[in-house]
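Walk me through this structure, one part after another.

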2 protein chains.
Amino acid sequence: MNYKLDQIDRKILEILQNNAKITNAQLSKEVGLSPAPTLERVKKLEQTGIIQSYHAKLDPAKIGLGVSTFVHVGLKGHNKENIEIFLNAIREIDEIIECHHVTGTGDFVLRVIAKDITSYQRLMLEKVSEISVVDNLQSMVILSTFKEKKSMPLPL
Amino acid sequence: MNYKLDQIDRKILEILQNNAKITNAQLSKEVGLSPAPTLERVKKLEQTGIIQSYHAKLDPAKIGLGVSTFVHVGLKGHNKENIEIFLNAIREIDEIIECHHVTGTGDFVLRVIAKDITSYQRLMLEKVSEISVVDNLQSMVILSTFKEKKSMPLPL
DNA sequence: ACTGAAAGCTTTGTGTT
DNA sequence: AACACAAAGCTTTCAGT
């Protein structure tokens with residue numbers, strides 16, 4: 001499932017990844033089309049699912065979320081049942097904002113966000129460690145973030 | 001720098017994190033205010049920087065980006081100069097969409113996205129490994145993503 | 001924080017190149 | 001496909017309450 005995007009489509013995608021709130025009038029100017037066909041292209045990109053959704057990005061620090069981490073999780077077994085148990089538990093925990101199944105030493109990588117180290121520690125001890133199928137945990141606290149592109153490279 | 005948000009502000013933030021394209025009219029209905037004061041609150045949240053930006057989220061698979069990874073990077077030394085050299089090199093590489101300085105075994109965690117395993121391998125071998133201050137690399141390929149919340153937990 | 005009105009823009013549709 | 005133009009519908013702003 002791969003679509004043929006021309007140069008204009010790519011430009012639209014690049015712009016909307018970085019600024020979803022741009023008006024269609026402005027967007028059309030930047031890509032060099034008139035408003036009508038520009039909007040048509042955006043609609044098509046949405047309908048085909050190339051554009052999945054639009055999100056506001058908040059500043060974690062300003063809403064009292066000072067701690068952001070990656071956590072490597074090893075499970076006690078790699079069978080389907082254990083994975084299901086783990087995922088069901090993960091789904092219930094609001095502070096876990098991402099959960100990826102990965103190759104390598106651990107089985108899963110989590111992205112966790114919390115108010116401070118104290119509440120992070122309590123979260124990990126009381127909730128994540130307590131999941132029956134969890135064997136081992138390794139936390140990496142993010143000290144600072146140097147790059148956080150909201151746009152992906154568009155190939156071809 | 002922390003702001004006092006009431007229940008309505010939190011509801012606005014929650015909604016906009018999940019759907020930045022909602023109209024003000026609809027948003028005002030969902031939070032139970034009329035359009036004018038609702039818009040005022042959104043503007044204030046933008047001005048204070050609590051809302052940082054708005055982004056379109058694309059489907060990587062549909063634009064031909066099949067490989068997404070985490071990479072742990074260890075540097076040859078933890079001094080300022082080496083870190084600067086590393087960050088300057090990282091900034092130039094489009095496929096690296098995130099770079100975090102973290103505690104733990106490695107020094108940095110990267111988020112990398114590429115067309116396929118072949119081009120990923122070439123990217124790592126020819127570009128990332130070649131950075132003079134890089135000592136060791138460990139890639140974890142994301143097999144699947146089970147949770148990817150675009151909204152963070154709002155404390156209090 | 002609300003209502004109500006006015007201005008401006010977005011968006012849609014038609015006909016044309 | 002894209003354009004220009006016009007019409008309809010929102011969004012947004014600005015009064016006054």
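A polar contact is a pair of N or O atoms within 3.5 Å. Keep that cut-off in mind for this predicted model. A polar side-chain atom of Arg41(A) lies 2.4 Å from a phosphate oxygen of DNA strand D. That distance falls within the cut-off, so the pair counts as a polar contact. Thr23(B) also brings a polar side-chain atom to a phosphate oxygen of DNA strand D, here at 2.9 Å.

Now take in the whole surface. From chain A, the residues around DNA strand D are Gly32(A), Leu33(A), Ser34(A), Pro37(A) and Arg41(A). From chain B come Thr23(B), Asn24(B), Ala25(B), Leu39(B) and Lys43(B). By class, the surface has four nonpolar, four polar and two charged residues.

Next, look along helix H3 of chain B. H3(B) covers residues 35-47, 13 residues in total. From first C-alpha to last it reaches 18 Å, close to the 18 Å expected at 1.5 Å a residue. Thr38(B), Val42(B) and Leu45(B) are buried in this helix. Seen down the axis of H3(B), the buried residues fall within an arc of 60°, so they line one face. The general rule is simple: an α-helix has 3.6 residues a turn, so residues three or four places apart point the same way. On the other side of H3(B), Ala36(B), Glu40(B), Lys44(B) and Gln47(B) are exposed. What covers the buried residues? The cover includes helix H1 (7-18), helix H2 (24-31) and strand E1 (51-58) of chain B. After H3(B) comes Gly49(B), with a positive phi near 85°.

Finally, turn to chain A. Val71(A) lies in strand E2, residues 67-75. Is Val71(A) buried or exposed? Val71(A) is buried, with a relative accessible area of 0%. Beyond its neighbours up to four places away in sequence, Val71(A) touches residues including Phe108(A), Leu110(A), Tyr120(A), Met124(A) and Leu137(A). Gln138(A) is another of its contacts. Val71(A) and Gln138(A) are 67 residues apart along the chain, yet their C-alpha atoms are separated by 5.5 Å.

How values were computed
Residues numbered from 1 in each chain as written. Chains lettered and ligands numbered in written order. Predicted model: local features only at pLDDT ≥ 70, side-chain atom pairs only at ≥ 80, totals over all residues. Heavy atoms only, no water. Helix = DSSP H or I, 4+ residues; strand = E, 2+ residues; numbered from the N terminus. Expected span 1.5 Å × (residues − 1). Buried < 20%, exposed > 50% of the residue type's maximum accessible area, 1.4 Å probe, protein only. Arc of directions from axis to C-beta. Contact = heavy atoms within 4.5 Å. Near = heavy atom within 4 Å. Polar contact = N/O pair within 3.5 Å; in protein donor to acceptor, adjacent residues only side chain to side chain. Nonpolar A, V, L, I, M, F, W, Y, C, P; charged D, E, K, R; others polar.
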